[in-house]
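User: I would like to go through this model term by term, setting each value against its definition. Could you begin with what counts as a contact?

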Amino acid sequence: MNKERFGTFIAQRRRELGLTQRDLAQALHLTDKAVSKWERGLSYPDVTLLEPLAAKLELMHWLRRSPANRMSRSPQARDAFSSASSNAVFCSMLSAFSQLA
């Protein structure tokens, strides 16, 4: 997953909703500098922020349909998914977000 592509998507969606970086940051209990870093492709949000970020960007309907979420509903897949490292989960979620752009 390309950080710049992810950042561009976040910035584009935020603007479509008429939000400032500060608005998004406050909703996620962060600084606007953190959002700026994401949007410039300098860093990714923490994995714990992906669901709240999707909610604020009005993407929860899509996130609920994502392969990672569908997979986590099957007992066998849930066990495999829960044993994956948080980095792998994070990469999976970022990859899914990037497909929206």
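Analyst: Contact here means heavy atoms within 4.5 Å. By that criterion, and leaving aside neighbours within four places in sequence, tryptophan 38 is in contact with several residues, among them Lys3, Gly7, Tyr44 and Leu53. This is a predicted model, in which local features need pLDDT of at least 70 and side-chain atom pairs count only at pLDDT 80 or more, while totals for chains, interfaces and linings use all residues. Residues are numbered from 1 along each chain as its sequence is written, and side-chain values use heavy atoms, with hydrogens and water left out.

User: Why is arginine 13 called buried?

Analyst: Buried means under 20% relative accessible area, exposed over 50% and partly exposed in between, with a 1.4 Å probe and protein chains only. Arginine 13 has 18% relative accessibility and therefore counts as buried, whereas glutamate 16, at 49%, counts as partly exposed.

User: Which side chain meets arginine 13 in a salt bridge at 4.0 Å, N to O?

Analyst: That partner is glutamate 58. Glutamate 58 lies in the loop between H4 and helix H5 (60–64) and arginine 13 in helix H1, so the pair ties together parts that are 45 residues apart in sequence.

Notes
Helix = DSSP H or I, 4+ residues; strand = E, 2+ residues; numbered from the N terminus.
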